[in-house]
Amino acid sequence: MTALVACIEELTALAAPAADDLLVGLYNAASGKFDPSTYVNYLGQVIGPNPGATSSFVTNAGMEMGNFAACKDMNYYAYDYDNFNSAGLTPTFCTTFSIGAVCVPSACNLETGQFSFDELKAQVVTLLKQFDGSSSAAARAEFEACQGADLYPGVGICASLNSKFQYFTTLWSYLSFFGTLQGETSTECYPNDGADYDGNIIATLSVMCGILLLVLISTIWSALSRAPADYFSASAETPAADNLLSAPLLDVGSQKSGSNNIDGDDDDDDEPPRLLSKPPKFIQFFDAYANTASLFSFARRPGPFACFDCLRAISALWVVLGHTLFWQSFYGLQPYRIQTGPDSMDSTFLGQVLFTQSFTMAVDTFFFLSAFLAAYFLLKECAKKPFSFFKTWISKFINRALRIWPAFAAALFGSWFLMPLLAANIPGMDADINSATCSDYGWLHALLFTNNILPWDNRGAGNCFGHTWYLACDMQLYLLLPPVIMFYMKTRELDLERESYALRLAFFSCIVAAIIGSCVFTTIMAWDSETGWSSFMNDGVLGANYSRDFYALPWTRFPAYYLGVCCAIMWFEKEAGSPDFKLTFHKRNFLLSFGILLILVPIYGGYWGNKQVTCYLYDSSGEDCGSEVSDAARAFKAALNRPAFIVGVAIVSLVCFNKQGGLVQGFMEAKVWLPMSLVSYAFYLLHPALLTLKLASQPSQSYTSYCLFILEYVGVVLLAFLSAVVINVCVETPFGKLQRKYMWK
C-alpha cells in the first residue's frame, strides 16, 4: 500500500465516521463548517462525555470555533475511535494556516508521506466529486435535495452527505488557496498556553515602545512649549471650564502656518515667553496632538486634485469590502453563498459592484493615482530647474522607498511577531500567522518590494505579507518612471526650441504603444482554453492561472499605471499651454457620461459568467461548469477590463480637475473623504490582520446574510480606521516629516 493510498483511505474514513452517523455532527465540526454547540447536547446523550476530556468542548460548548474544538476533542468523544476508522488514523494533525485549520489524518502529512502535493490535491478533488453530485444525475438530485435541509440533531442521509461534502470542500479550499499542506502531528491545533516571548517579539515590542515613548515626550514637551511662562503660577488666570479645550496649552491652531504646516517650521521671534523652549525639530515631528489635529483638520491640500481624496478613500473601503466577504468564506457556514456560483452573493446584480472581481479594480485605481501624482510632480519639478538624470533617478527612488518603509515595517513586524500575543487564545486562527511565509528571508523580499515575484514558484499574493504585492508592483513600475519623465522633458525642450509638438507626440505614442502591447500580451496568454487565463473565478484552472500569472505581476499591471502617467502628461501640457481652456456644456456632459459608462461596463461585463457553476481547480471551463463564455470573450475581458475601468476614472478625474464636474465633482471633493484618504495607506496595510483577528475570534460560525455581512464590515472598517490613525500619527507622519526635512532630495 503506497503512502498516498493510505492517506486517501483515511481521508475517506474521516468523512464517513459511522454507519449510523451518530458522530456526523462532530465530523462536521472537523470540517470547520458547523458549530459544535449544535450537536453537543445530543452527542452527550447518545455516547456520553469522555471523562478524560479536558477541553472546553465539554465544559463550555460553542465558545470555540468548530474546527478547533473538533481537532482537539475528536479522540475524546470517539473513545472507540479505532473501530470507527481505519487502523492508524490517529493521531490526526491540524494544518496550520493563517485563516483557520482543518483536521487531516497524519498519513497525509507531506513532510513524512511519499507523495507530492499535486497528487494529494487531485485525489481530494476526486473525493469531493463523489459527494457533490458530480458523479451522476441521481447523485446530483440527492445532493440538491439535501441542500438547506435541517441537519439537527445530526443524523440521517442528508447529515451524512453534507458532512462529507463540507469536509472535502473545506480541505480543497485550503489546498487551492494556500498551495501547500503543512502541519504539526497533534490532536490540538493551537495551544492555549500563550505565546513564547522570543527575541523577535521582545525586539519588536522594544522598538514600538521606544516610538511610543518618543511620541509621549514630544506631545508633552510641545504642549508645554506652547503654554505661557506663567501658566502654572498662582497669578495666572485659570481658563473657564467651557474654554478648557482652547487653553494655550493645547492651542496648536495659533501656530503661524496653521494645520497645514506638516513640517513644523513655525519659528516666530515675536512670540511671548513660553513655559518651555521649543523641542528640537526632530522631536516636534512626533507630537501626537499636532499630527492628529492636522489629520482631522479637513484643510484641503492645494492644487486641482481634490477629487483624488474620494478615489483613494473609496478604493480603500472597496478593497476591505471584498476582503471581508472573502474572509467569511473561510469562517462562515455557507461558503457557496460567497464564492462565485449560481447561488452566491457574487452572482447578484448588487454583488457585481461589491464583490466578485470588481473590488479588485480598486487596486488599479491605486496604481492610477500613484502614477499620476508621481509623474505630475516630477514634471513640475523638472520644468522649474535643471536636473541631473542619474541623481534625480536615484534620489526619487530612495525617497519613495523611505516614505513607504516606516509604516510598512511597523505593520509587517507587528503582524508577524506580535500576532501570537493577540492570537494565542483565538481558536480559529494560527498564532504564527506569517511565520511560514515570512521566515527564510520572506520578510526581506517584502521590504525590498519583490514579494510579488520571489520566490517565483510561489509568485503572487501568497508570499510574506501577501497583500503588499501591490506595493512591490508599484515600486517596480515606479523604477522606470523618472527616466520616462526626464526623457519626455528633454523632448519637450527640443520641441519648444523648434516650436513643434512632434517629438512629444512621438514619445507619448511610445508610452501608449507599450500599454497596448501589454494588453495584447495578456490577450494572447489568456486565449488558450486549457492553459490560458480567466478573470472569472469560477473557471477552475484558468482562474488559478490568472491569479498566479497575471494578478500581481508588473508587466500585466503596466496599463493601469502608465495610463496614470499619460493622464499626468496631458494635464501638465494643458496647464502649460491652455490653462483657461474649458469644455462646452455638451462636451462636458458627454465626457462625464462616457467616463462613468467605462467605469460601469467592466464591473458588469462578467455578470452572466459569474452566475455559472464553479469548476474545480483541476477542471477547465466547459459545458458543465465555468463561465461558459468563448475563448475570445474571456481573453478580451482579462486584457481590457481593467484598462477600460481606469480610462473611465481618468476621464472623470480630468473633467473634475478642470472644475467642470458638476454634481460628480461636488461629491468627489467633499471634505468628508479627507481623513480616510490620509490614512488609506496604513488602513490597507493593517486590514487583513484585523479581519483575521475579528472573524477568528467569533465564538461560533454564522450563516451568511447581507445583514451580518454589513455588521462585520462596519466593525472591521472602524477597527482598521482607528488602528490606521495610530500608525499614521505615531509612525507614518513623523517619519515622513523627518524624510522631507533631512533627506537628500
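Author: A crossing is called right-handed if the near helix is turned clockwise from the far one by less than a right angle, and left-handed if anticlockwise. In this predicted model, the crossing of α15 and α25 is right-handed.

Reader: What makes α15 oblique to α25?

Author: Helix α15 (residues 361-384) and helix α25 (residues 631-657) pack at an angle of about 50 degrees, their axes being 10 Å apart. Angles under 35 degrees count as roughly parallel and those of 65 to 115 as roughly perpendicular, so a value between these ranges is oblique. That makes α15 oblique to α25.

Reader: Which residues of α15 and α25 meet?

Author: From α15 come Met361, Asp364, Thr365, Phe368 and Phe372; from α25 come Asn641, Arg642, Phe645, Ile646, Val649, Ala650, Ser653 and Phe657. By class, the contact of α15 with α25 has eight nonpolar, three polar and two charged residues.

Reader: Why are α15 and α23 called oblique to each other?

Author: α15 and helix α23 (residues 554-577) pack at about 40 degrees, with axes 7 Å apart. The limit for roughly parallel is under 35 degrees, and α15 and α23 are therefore oblique to each other. Their crossing is right-handed. Residues in the contact include Phe367, Phe368 and Phe372 of α15 and Tyr561, Trp571 and Phe572 of α23. The contact of α15 with α23 divides into 17 nonpolar, two polar and four charged residues.

Reader: What makes the pair of phenylalanine 366 and tyrosine 470 tilted?

Author: The ring centres of phenylalanine 366 and tyrosine 470 lie 5.8 Å apart, with 45 degrees between the planes. Phenylalanine 366 belongs to helix α15 and tyrosine 470 to helix α19, 104 residues apart. Phenylalanine 366 and tyrosine 470 are buried.

Reader: Why is the pair of tyrosine 488 and phenylalanine 507 tilted?

Author: The centres of these rings are 6.1 Å apart and their planes stand at 55 degrees, so the pair is tilted. Tyrosine 488 lies in helix α20 (residues 481-498) and phenylalanine 507 in helix α21 (residues 502-527), so the pair ties together parts 19 residues apart in sequence. Both tyrosine 488 and phenylalanine 507 are buried.

Reader: How do you know that helix α19 is mostly covered?

Author: Buried means under 20% relative accessible area, and 10 of the 10 residues of α19 (residues 469-478) are buried. Among them are Trp469, Tyr470 and Asp474.

Terms used:
Residues numbered from 1 in each chain as written. Predicted model: local features only at pLDDT ≥ 70, side-chain atom pairs only at ≥ 80, totals over all residues. Heavy atoms only, no water. Axes fitted to C-alpha atoms, helices over the stretch in contact; angles between N-to-C directions. Helix = DSSP H or I, 4+ residues; strand = E, 2+ residues; numbered from the N terminus. Parallel < 35°, antiparallel > 145°, perpendicular 65-115°, else oblique. Contact = heavy atoms within 4.5 Å. Nonpolar A, V, L, I, M, F, W, Y, C, P; charged D, E, K, R; others polar. Buried < 20%, exposed > 50% of the residue type's maximum accessible area, 1.4 Å probe, protein only. Phe/Tyr/Trp six-rings, centres within 6.5 Å; stacked < 30°, edge-to-face > 60°.
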